[in-house]
Amino acid sequence: MSPESKTALVTGGSRGIGRAICLRLAAMGYTVGVNYVSNPSAAEETLQAINDLGGKGFLLQFNVAESTAVQKALKAMSEEYGGPDILVNNAGITRDGLMARMKEDDWDSVVDTNLKGAFLCSKAVMRGMMKKRWGRIINISSVIGFLGNGGQVNYSAAKAGMTGLTKSMARELAPRQVTVNAVAPGYIVTDMTSELSEDIQEAIKAQVPLGKLGQPEDVAACVAFLASEESAYLTGQTLHVNGGMYM
Ligand code: NDP
């Protein structure tokens, strides 16, 4: 059974997919920690939206790629709110460019945020979950981790790495009834994809059997399922939410 305290943490919960996930988990009765790194006004908007639907939440500013900051924030969260019982590793960035011209910094920042961030946050919360013998870790991967993409070697490698992280963590934590799964979105309408030109967006749609880009709520619905009691016998898996782009 799920624990009584019901606390969730969503990294990068302030905007886009993370915001939609925060709202779904709040609607499920979780007290939601909304993490952000640099944009407090967007985080405030998410918190307001949680409150507007009668849910509970709080803000938690830290950089997922900084070990000390992660440990400090998650210790403070656990002391004040308990948990988290659910961790959604959603924070992610892109620094695109063809490999021949890609700067080492662009490789490091993407791998540090998108992959190491998930490792650090999971490591900081897993003990509490194992002790309770209940927990859900949900990693937001990407279709690009499965297809590859020119101009995104850093992003693609980090997201593919998330598959190995998910499977290995799932094996380590399964004896304590903590499940670890991933959701791999296709192209979803957020700030991240609004940078793409009209032409590129049309070219992407042409590769999607359902003929459209996805919405943050499409991803949040899968996360809600993985967070629920209904997914209790599912671990080490990736759910692909991409309109059929990769199957
Ligand atoms: P957005 O760019 O809209 O939002 C990114 C979020 O991550 C923001 O809340 C941002 O906080 C936060 N963030 C960024 N860096 C850090 C950091 N170092 N520490 C803590 N928080 C951080 O992204 P999306 O909603 O589009 O993407 C969310 C996730 O989904 C990412 O992992 C992305 O790779 C993945 N994804 C997205 C797809 C898409 O098409 N949009 C497709 C496939 C996967 P702040 O506001 O403070 O900057």
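Lys 132 and Asp 85 form a salt bridge, with their closest N and O atoms 2.6 Å apart. A salt bridge here is a side-chain nitrogen of Lys or Arg within 4 Å of a carboxyl oxygen of Asp or Glu. This pair links distant parts of the chain: Lys 132 is in helix α4, Asp 85 in the loop between α3 and β4 (86-89), 47 residues apart. Asp 85 counts as buried, at 1% relative accessibility. Lys 132 is partly exposed, at 38%. Buried means under 20% relative accessible area, exposed over 50%, partly exposed in between (1.4 Å probe, protein chains only).

This is a predicted model: local features need pLDDT of at least 70, and side-chain atom pairs count only at pLDDT 80 or more, while totals for chains, interfaces and linings use all residues. Residues are numbered from 1 along each chain as its sequence is written, and side-chain values use heavy atoms, without hydrogens and water.

The whole structure holds five salt bridges. Among them are these:

| Pair | N to O distance |
|---|---|
| Lys 132 and Asp 85 | 2.6 Å |
| Arg 15 and Asp 191 | 2.8 Å |
| Glu 79 and Lys 75 | 3.2 Å |

Glu 79 and Lys 75 both sit in helix α3, four residues apart, about one turn of the helix. Both are exposed. Arg 15 is partly exposed, at 39% relative accessibility. Asp 191 is also partly exposed, at 43%.

Now the helix contact. Ser 67, Val 70 and Leu 74 in α3 meet Leu 120, Cys 121, Ala 124 and Val 125 in α4. Contact means heavy atoms within 4.5 Å. Helices are DSSP runs (H or I, at least four residues), as are strands (E, at least two), numbered from the N terminus.
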